[in-house]
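Here's a quick tour for anyone opening this structure for the first time. Have a look at it below, then read on.

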There are 2 protein chains.
Amino acid sequence: MRIAIDAMGGDFGPRVIVRGCFEALKRDASLSLLLFGSRASLDEAFDALPRAMAPLRERISLRYVERSFSSAELPSHALRGRYLSDHDASSLHASIRAVERGEAMGCVSAGDTGALMAVARHCLGMLEGIVRPAISSAIPTIGERPCYVLDLGANVDCQPRHLLQFARMGAEMVSVVDGIERPRVALLNIGSETRKGSRLVRETDALLRALDAPRFDYQGFVEGDGIYAGSIDVIVCDGFVGNVALKTSEGLAKMLGRKLQVTFEANWRTRLVSFLARPALSRFRREIDPVRYNGASLLGLSATVVKSHGGADALGFSYAISRAVTEVSGRLPARLAEGLAK
Amino acid sequence: MRIAIDAMGGDFGPRVIVRGCFEALKRDASLSLLLFGSRASLDEAFDALPRAMAPLRERISLRYVERSFSSAELPSHALRGRYLSDHDASSLHASIRAVERGEAMGCVSAGDTGALMAVARHCLGMLEGIVRPAISSAIPTIGERPCYVLDLGANVDCQPRHLLQFARMGAEMVSVVDGIERPRVALLNIGSETRKGSRLVRETDALLRALDAPRFDYQGFVEGDGIYAGSIDVIVCDGFVGNVALKTSEGLAKMLGRKLQVTFEANWRTRLVSFLARPALSRFRREIDPVRYNGASLLGLSATVVKSHGGADALGFSYAISRAVTEVSGRLPARLAEGLAK
């Protein structure tokens, strides 16, 4: 099992990504990685690693790529290097081409989502019958299982048949990756009654209800709070709405975390309590930490590509690699194609 | 200052609403209220009040209305009573008609948002020049000031000129109600670069940039996390997106609250810590509690109508009444009309 890694993306640079690679290698003895990044920054990142990790080093191959893609560029610019050699392409581009050529079975990048999607579509192509690729990520819920939301930003303006495919792709993914037989699927709306919502969701609702023996359990509409309620496995929406829901959640979680910290730092009494509460609070943080679910799947491509959150730490990046491994082992792209052909 | 109250709306019924009325009367000595509800439930609600509140009773007038509007009905059904006497109309309808006839200066209801908007538009009419009314609510942020988001669900399918008016109405409201001279206004999008997002937001962005000497400071695009960042006073979006952002936040906050509780109830050690942390945690809860900001404004109508959250408790409902008082005292509808005529 070999995964290609774009070592240059993300907010914290190659040091954090390389550290994340070692975390993933530590967890999975059958894994090997192919890293793409500039010689200077990869050398520096490897030098910074603790000695104990040296034995894992032999399962990493390096490819030096001096150009990295900046999110200030247009995603279409990422395609300019398409006829260039790997040496002149960006690390994002080169790591996807490694999948194209069969040197790796999947790819993980923390780079710009738009560029990643554009290059992946161009180099790897779409599965037959899929009109639009979608981005999906698992989100922690009050229940035991996470909720997958798609699309999270690949498709800004959608039509009902696109949302229908997202529902089918999402359900298929949850079946393959999480082993859930008849996933519960719902449409994100601003009310649960049939007459509510935009034309897009009402027309999609009609399409979903008309499906003959779908491989999932369609539950109708849910409102935004349904994402966290733990009663739905896959929630479908257009990429604009999904992205806003995700980013709003990130903003709220950050605000609550900071306010909680300020509360406990108010005086010596609360600081003492905070000290005593530390084990409980860190267990709480671990449980709600979206890092556990880091790694958004680019669904509908002919091969596995996972996007890590730009702000992910090493552990978070390692989970994105594990996500890619799970999808490759489960032959997710092939099974999506089979499932959708039915 | 007299406000009409629909005493029958909301998840917890007239008891909680009547209690909220007394809370508002206690805070504001110049306030009087006109309550609409069924005789039996109002009588029961008044009987349940503590004796200490009896002196406030004289600032409340009652009007018995036996019909209440159920959210299972279509909002358009709410209009059926339009030619009927108050006695046959629903409490929601009757309380808005009190504003229409000048018996009250504004109205508060925790009833169905769609019905409230439909009846209010029909009875009170729109301000001149306003194409679409919008629902706006303040949301707590990491900063000192809240952020107002609009629209939160009145308009599912919007055009750029609608969002432009929402921006102007929101800015005017923040100026009048919160006394902020040049409010910072932004458009909700899925990226901050100009090329990102749907056609709707890109075209609205162009309209906003082309405004001649606007009475606000247009800051361009923000992503969902910008709602909580404390750097924007008014965030504009269509009602579908705004509603999803709001409901998603509610769901996340609820999940985090429950998980925190479970964490602290895990064993005797954490229960002890939880006991010690209680004062700090309740201060934290108070600070982030959206109840402080309960009361969504229906902007663009010729008079003040405030929608209380259905799940608001008595204190929350009292804040919705205070919101209505503030808008009436600030002559918000008139000043919106003046501001938008310029």
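How much area is buried between chain B and chain A, and what share of that do carbon and sulfur atoms give? The buried area comes to about 4900 Å², and carbon and sulfur atoms account for 73% of it. Keep in mind that this is a predicted model.

**Where chain B meets chain A**

- Chain B brings 57 residues to the contact, and chain A brings 57 residues too.
- Three residues of chain B, namely B:Ile190, B:Phe240 and B:Lys259, supply 13% of the area that chain B buries against chain A, which is more than any other three residues.
- There are two salt bridges between the chains.
- B:Lys247 makes a salt bridge with A:Glu223, and their closest N and O atoms sit 2.4 Å apart.
- On the side of chain B that touches chain A, the elements giving two or more residues are helix H6 (199–209), helix H7 (239–264) and helix H8 (268–288) of chain B.
- H7(B) gives the most to that side, with 19 residues.

**The sheet in chain B**

- Chain B has an open sheet of eleven strands with mixed pairing, and the strands run in the order S3-S2-S1-S4-S11-S10-S5-S6-S9-S7-S8.
- At the edges stand strand S3 (60–64) and strand S8 (217–222) of chain B; each has a single partner strand, so one side of each has no neighbour in the sheet.
- From one strand to the next, the twist averages 25°.
- Strand S6 (residues 147–150) and strand S9 (residues 234–236) of chain B pair in the parallel sense over three bridges.
- In that part of the sheet, B:Tyr148 stands opposite B:Val234 in S9(B).

**A closer look at A:Glu172**

- You'll find A:Glu172 in helix H5 (residues 160–178) of chain A.
- Is A:Glu172 buried or exposed? A:Glu172 counts as buried because its relative accessibility is 7%, and the cut-off for buried is under 20%.
- The side chain of A:Glu172 makes a polar contact with the side chain of A:Arg215, at 3.0 Å.
- Leaving aside neighbours within four places in sequence, A:Glu172 is in contact with A:Arg215, A:Arg335, A:Leu336 and A:Gly339.

Conventions:
Residues numbered from 1 in each chain as written. Chains lettered and ligands numbered in written order. Predicted model: local features only at pLDDT ≥ 70, side-chain atom pairs only at ≥ 80, totals over all residues. Heavy atoms only, no water. Helix = DSSP H or I, 4+ residues; strand = E, 2+ residues; numbered from the N terminus. Buried < 20%, exposed > 50% of the residue type's maximum accessible area, 1.4 Å probe, protein only. Polar contact = N/O pair within 3.5 Å; in protein donor to acceptor, adjacent residues only side chain to side chain. Contact = heavy atoms within 4.5 Å. Pairing = 2+ DSSP bridges. Axes fitted to C-alpha atoms, helices over the stretch in contact; angles between N-to-C directions. Buried area = accessible area lost by both parts, 1.4 Å probe. Salt bridge = Lys/Arg side-chain N within 4 Å of Asp/Glu carboxyl O.
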